[in-house]
Amino acid sequence: MQNKLMNGIALLFSVNAFCQLSVNLESNSQYYIDDGKIKLSETEVSQRFRSNSYLNVNYKLNNFTIGAQLESYEPKALLNYSPALYKTNLGTYFVNYNNEKAGVDVTLGHFYEQFGSGLALRVWEDKQLGIANSLLGGKVKYTDPDQIITLKALLGKQRLGFKLSDGVVGGLDAEVKLDSLMKVKDFSTSVGFSYVNKYENNKESVQYPKNVSIYSSRIKMEYSKFALEFEYLYKTKDNIKEISALDPNNLFSGKAYLLNLSYATDRFGVITSLRRLENFNFYSQRDQIGNTYHNAVLNYVPALTKQYDYSLANIYVYQAQPRLSFLPQKKAGEIGSQFDIFYKIRKGTLLGGKYGTDVSLNVSNWYGLKGTYRTYINDVRDYKTDFFALGERYYSDQSLDIRTRLKDNWKIAAVFINQFYNTFRTEETSGEVKAQTVVLDNIYKFSKSSIKLELQHQWADGYHGNWAAGLFEYNINRNWSCFVNDLYNYGNTDKDKQMHYYTGGLVFRKNSTRIQASYGRQRGGLLCVGGVCRFVPESAGFSLGISANY
């Protein structure tokens, strides 16, 4: 019966080959329970079943594409999603005209875009993080026939839940490839310039600026095995989200510097990222500054640290600190670096073994900006930072990742991570933590199935204390798999919090359809994707996730 149903769905949507219709369905539901250790709050207990669902439909005809996304948060959104996401409504809709021969791309309606690295502008969607920051308006992109010059222009208002933010956003971006001017072999270079403006009526106070802009310039060069990217950005004066900060002297400008360097061969590679941010938040609506849901955020400020796949390594996760504040803490931004070194040891050698060994080393260090902060009469504030000096350490980690094969069908990875986490500065609570984590990851393949066994342990001198974790996953065949994992916070100084965060589930896959059902506990903390994080509360219950593409 199940196969007949799937074949029927496939037949129904086989018309895609003719009418170029694409449909994507995604739904994540959870029924929350009180299990003795974890209980819902009084406001949460009124609605134990919650669900986030999305139906995205695109229709393409020649150079035109029409699309829309219907969103439903019924009866309520999953815990700790933005209150602006509620009930059922049309989330996005657009019409796009794309003529590749003419180099013209025009969009009316909702659209996503990124200028440069995204520090000037990035509007995007991430359902897992609850980010839905598209612009509603118009966008034009032009590329000349020789693909030397690319120009972009856009104007619109940003999505804020199912409504629009108060600000009007306009932007221009230009990128020029200078390769034709360079006569050096294996050398290429391009330069880019961006301008983004947010206009918002200063109805709360005449002291607030109506226009806040970001100016950006960037350069990218590649020669042989080397690559360099540098971007400088300047933000005009804007208010900060502070009590009694309405005086015109409490308006501050911002700056950002980003440098990426890399060198790569077949067996060796180095990637270096250096960044300095000073007062570099950018929102389309001023009262959204610093909100925890990423509502109305116009630029992309990820944490430049290694993104780990392992649960214990993600207990102490750094979030970028670009914001200027005088209360409750005095801080103006961040400065730091990340280094990645990759090396492949040849197979047949003592350390490379029969199949070769991949070794990677990552080092990240992030600090506050060293400076002085003052408050004068009538609550007027001022500060001054040293450009190169490092302030208080916010976060650091060093990790060594070794991966190889013991047999044709047996992959193994050993990972060691050393972390420092300044809780006082990053979470604005108190204290700091030093943690060491070890991971042993195994994947063993049989003829038609495979198993994954993952063992982890973390030693920490504070906060949550020591953890142990394990994951077992059995891929029965290409359609079915099951898993069970457990995180045990046995070292917590609070005995009531010495608990197991266990989860077990079953997964079904068929073509582009995936269904996952599970039961267990969710550890409270930060959920991060690409260096951007969302706080998820501690919870327990049943979960069902469905995704399908046609």
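Helices (H or I, at least four residues) and strands (E, at least two) are DSSP runs, numbered from the N terminus. The model is predicted: local features need pLDDT of at least 70, side-chain atom pairs count only at pLDDT 80 or more, and totals for chains, interfaces and linings use all residues. Residues are numbered from 1 along each chain as its sequence is written, and side-chain values use heavy atoms, with hydrogens and water left out.

**Figure 1. Overview of the protein chain.** Three helices and 30 strands make up the secondary structure of the protein chain. Its radius of gyration, taken over C-alpha atoms, is 25 Å, close to the 24 Å given for 550 residues by the globule rule (2.2 Å times the number of residues to the power 0.38), so the chain is as compact as a globular protein of that length. The C-alpha trace spans about 65 × 65 × 60 Å along its principal axes. Of the 550 residues, 45% are buried (under 20% relative accessible area, with exposed over 50% and partly exposed in between; 1.4 Å probe, protein chains only).

**Figure 2. The aromatic pair of Tyr-73 and Phe-162.** Rings of Phe, Tyr and Trp (its six-membered ring) pair if their centres lie within 6.5 Å; planes under 30 degrees apart count as stacked, over 60 as edge-to-face and the rest as tilted. This rule gives 29 aromatic pairs. Tyr-73 and Phe-162 form a tilted pair, 6.0 Å centre to centre with 55 degrees between the planes. Tyr-73 lies in strand β3 (residues 64-73) and Phe-162 in the loop between β11 (149-160) and β12 (163-177), so the pair ties together parts that are 89 residues apart in sequence. Tyr-73 is buried at 2% relative accessibility, and Phe-162 is buried at 19%.

**Figure 3. The aromatic pair of Trp-410 and Tyr-444.** The ring centres of Trp-410 and Tyr-444 are 6.0 Å apart and their planes stand at 65 degrees, so this pair is edge-to-face. Trp-410 belongs to strand β21 (residues 410-421) and Tyr-444 to strand β22 (residues 433-445), 34 residues apart. Trp-410 is partly exposed at 26% relative accessibility, as is Tyr-444 with a relative accessible area of 24%.

**Figure 4. The surroundings of Tyr-502.** Tyr-502 is placed in strand β26 (residues 500-510) and is partly exposed, with a relative accessible area of 30%. Not counting residues up to four places away in sequence, Tyr-502 touches (heavy atoms within 4.5 Å) Asp-35, Asn-485, Asp-486, Tyr-519, Gly-520 and Arg-521.
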